[in-house]
Each structure stands twice: as C-alpha cells, then as structure tokens.
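I opened this notebook to keep track of what I looked up, one topic at a time. The entries follow below.

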Amino acid sequence: MNKQFAVAILGAGLGTRFKSKRAKLLHEAGGRKLIEHAVRTAAKLSASKIFAIVGYQADAIQKAITEADSKLAGGKVRFLLQDKPLGTGHALKCGQKELRAAAPLLLVYCGDTPLLRPETLRDFLSYHRRLKATATVMTAIMADPSGYGRMVRSADGQVDAIVEHKSASADILAIREINTGIYCFDTKELFSQLDRLKPDRLTGEYYLTDVISGLRQECKRVEGYPIADAGEVMGVNTRIELAQADALLRARKAREMMLHGVTIMQPESVRIDPDVEIGPDTILEPGVMLLGSTRVGSDCSIGAYSRITNSRIEDGVTILQCSVVADSIIKREASVGPFAHIRPGTEVGPQAKIGNFVEVKKSKIGRGTKAGHLTYLGDAIIGDNVNVGAGTITCNYDGEKKHTTIIESNAFIGSGTELVAPIRIGRNAYVGAGSTITKNVPADALAVARTHQVIKPEWVKQRKRKSKAKKKA
Ligand code: UD1
Ligand code: MG
C-alpha cells in the first residue's frame, strides 16, 4: 500500500463571526496565532507535502505561516490561493492541480482548530487506512453542538451526510455528533466529487461537507472516527471560543509543567507561553505570566502577578509579587521585587537584590549588590557588593543622549543620591546621602555634594512673636 499522504489546511475564510479587521487565523490562543498551531501540527506528521489554502488577507497569513514554518518544517508549506471565499469545497477546488498530484491520500483540516494534536491525526490516518475507507470524518460528541455540521449516520454506522447547522431540521439539530472539519480522503475520489459540487441553497457556498453524501450515493465507504476529547477539536469561530481555546491551551501547558516538577498555585490563573521552559521545584504563585522565550531554572519562586518576557531566570532566583521583567537575565539566587521593573538589556548578578519600586534599564548589576528601595538605575554598570541607598537616581539622559554611570565594587551610595552621568564612582568609595554627584569620585574617597545645614536656634518662638505683633498693629 502506498503510504504517502499530503496535508491541506483550510485558511482562506473571512472569519465573519470574529468581527475583526484582522483575519481570524491571525488571532492568538495559547500564545500562538491560530494558523501557527495548525501548521505546527502538520509539521509533526510525516506528510510528503503540506499545503495551506489562503485567500483573505493572504499576505499576512502567508507571513505568519512562513515564520512558523522556517522554525519547523523548514519551508515545507506551499501556498494555494482561493481567490474568493466561496466555501470550504471551493477552497480545495482552487488548489486541485497541485493537490491531485500531491499524494493518493489527502488529510484536510480547518485552520481554526488550534488544540488538535499530531498524535490524534496519526491515529486518525491509521484508522482510515485500516478500514480502507474512501473518506473518513473525525467526529466528536459535543454537549453544545450548535454551529457545527451534524453527522447523519446510516444503520450500519457509516456516514450518510453532514448537514450544516444553518440547513438542519429540528431532528438533525438534536444530533450531538458533529463534524470536526478534519477529514481523510482518497484524493482521486475527492476531486471527482468536488467537480460535481453545487452551491448551498441558503448561503451560495460550495461546502466540502457535501462531498460526503456524494460519495455515499456512489456507495463508497465513508467512516466516522469519533474522538473522545471534544475539547481538542473545537473550532474557533467567535471571540468567546477564542477565550475558551486559550484557556484549554494554557491548561495543557500548565499540566505539562506540573508533570515536569513545577508547583503551580491556581494553575487556571497562570499564562505560560508554549516555548517557555521551567526547571523542577520552581514555584509559580497565582496569576504569573511567563511569556515568549523565557527560561526559568529550578528552585525558583515567582511571585503572584509577575510578568516575565523573553528572559533567563537562573536557578534559585526569587521574584517577588507584581514584578515585571523583560529581555533580561537574572542570575543565580538573586532576588527581585516586589513591584520591581527590570527593563530590556539588564543583567542582575548572582545573589544581588533589587527591591521594591526599583526600576532597572539596560544595566549590569554585580554579584551581591543591593538596591533595595525606590531607585532608578539606567545605563549603569555596577560592580559587586555595592550598596545603592533608597531613592538613588542615575540621571542618564541629558535631553539628547543617554550616558553611562559606573559604580565600582564595594562602593556605598547614600540614600537620595543623584548620579549625573557620565560619571564613575571608584572602588570602596562612599557618597553621602542626598548628594548630587556631577564629578567622578576616586576609589576609597568620600564624596558629599549638598549644601551645609543651617541651624537657627529658637527660630519658631521668634516667628510666633513676630506674627502676634503684626496682628496687634
Ligand atoms: C466547518 C464545517 C462544519 C464543521 C466545522 C468544524 C463546512 C461547510 N462546515 O464549519 O461542518 O462542523 O467547520 O469546525 O465545511 N475556509 C476557506 N475558504 C472558504 C471558507 C472557509 O479556506 O471559502 C476555511 C476557513 O479559513 C477556516 C475553515 O475553512 O479555517 C472553516 O471555515 P469556517 O467558516 O470556520 O467553517 P465552520 O462554519 O466552522
Ligand atoms: Mg470554524
């Protein structure tokens, strides 16, 4: 038996029910665009060819596919154009030249089914082959089947027809077995049916689902393949379904992480993007967001409602609640937060401590250095074991350019200091609290830059006497 098969992903529709300027398949669920999920699933099968049928906003969809594809299938996806969105049957017809020649077996699915797993498709393909069917439809029993095409089966269990929700009578609407939009076809038989397809009386669209009744009329074998987990094949047609698919995909990723040894408190509240990696014995508190290419080591603790994007968090790091970290590296056993903001290009050294209401941008913080409270460090290079007092500000911007602040190891910056960059504070140096430092401070020196304190004894009493005298006059 020729085992070759090709995949065709339907992605040319308008997505009218989404009510969006953007094509439906460009919206995200579980941290990826819908179309990207579809392509990634195809890339994990051993298909000889993968086709994506595009039409509406074809350029943007093609771009999204090419981006995903270059990471996975290595440029395997070919594009076929459906010039007008005249239905799912019309979509395949538009690509008939290439699809007919692609392989004897064609696996077709809709681009709006983001939870679909490659394992499920593999089982589906073997089922189709084992039964030697002309077509097999993947089906599911839905608690609420509204919107889906309904499976009409004959007494022997074969599929007689798929009736779309819009055209269904009350009897048919009561059927809870639905068409998932995932099919396996004998390529030749499929196209001979597509040639004869008539537009739907209600919508004028050419329905792929009508191929099924056509095949049955010719006594071809059409099987239904029910899948147990209806959630996996849900179609995303509205923003409500987008939110449901997102929640299911997030739950899937959270489960995977928990099985890998990560403790997640209230897993339904966290958002972990698909490419994120987390080491064992790390604890995530509720509401944590780990996004993009973030990698978190083992034995870390990530505080409630913190958001970490495209960052590397090494082993044993503590991030306290409501902290934001982006495009940065937090080294071993460092502590960040609560309410800290670590902006792109930052490296927080091992065992360093960045405390509450501290903002750090494009800076390198040395080992064991502490900036505990209410501080801004931007474009700074700070050595090891430096103490940065509360309310310190690196004045890095002169209105035109950004300048660097260098603080060498073991320096002590008193509270309320302004360091006007470019500036260098030498090793072991001290800066007195409340200073505005505009000149470099040599190593081992003390710099104090504030006006001298004036004391006026008995000033308050004198003031009161003066004001009484004024009132009398
Ligand atoms: C379709 C099925 C329905 C099934 C459901 C499963 C048809 C007629 N109906 O309905 O039986 O229960 O999927 O989720 O097939 N598309 C094109 N070109 C078009 C129209 C659509 O490429 O002209 C693409 C869309 O981009 C989408 C997919 O086909 O990825 C399905 O289209 P959609 O409008 O979502 O069909 P449903 O109404 O969900
Ligand atoms: Mg759909």
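I began with accessibility: a residue is called buried under 20% relative accessible area, exposed over 50%, and partly exposed in between, with a 1.4 Å probe and protein chains only. I noted that this is a predicted model, in which local features need pLDDT of at least 70 and side-chain atom pairs count only at pLDDT 80 or more, while totals for chains, interfaces and linings use all residues. I also noted that residues are numbered from 1 along each chain as its sequence is written, that chains are lettered from A and ligands numbered from 1 in the order in which they are written, and that side-chain values use heavy atoms, with hydrogens and water left out.

**Backbone entries**

I looked up K362, which lies in the loop between β27 (353–361) and β28 (364–365); strands here are DSSP runs of E, at least two residues long, and helices are runs of H or I of at least four, numbered from the N terminus. K362 counts as exposed because its relative accessibility is 54%, and its phi is near 40°, a positive value in a residue other than glycine. Y305, in the loop between β18 (301–302) and β19 (307–309), has a positive phi near 60°. Most residues other than glycine have a negative phi, and most peptide bonds are trans.

I then found a cis peptide bond joining G337 and P338, with omega about 0°, and P338 lies in the loop between β24 (335–336) and β25 (341–342). The bond from A421 to P422 is cis as well, with omega near 5°, and P422 is in the loop between β35 (418–420) and β36 (423–425).

**Helix entry**

I checked α1 (residues 34–43) and found it mostly covered, with nine of its 10 residues buried; among them are L34, H37 and A42.

**Ligand entry**

Which residues come nearest to ligand 1? Of the 24 residues around it (those with a heavy atom within 4 Å), Q82, G87, T88, E164 and N179 come nearest. I recorded polar contacts, which are pairs of N or O atoms within 3.5 Å: an oxygen atom of ligand 1 is 2.9 Å from a polar backbone atom of G13, and an oxygen atom of the ligand is 2.9 Å from a side-chain N or O atom of R17. β1 (5–11), α3 (88–94) and β10 (177–186) each supply at least two residues of the shell, and β10 gives the largest share, three residues.

Methods. Polar contact = N/O pair within 3.5 Å; in protein donor to acceptor, adjacent residues only side chain to side chain.
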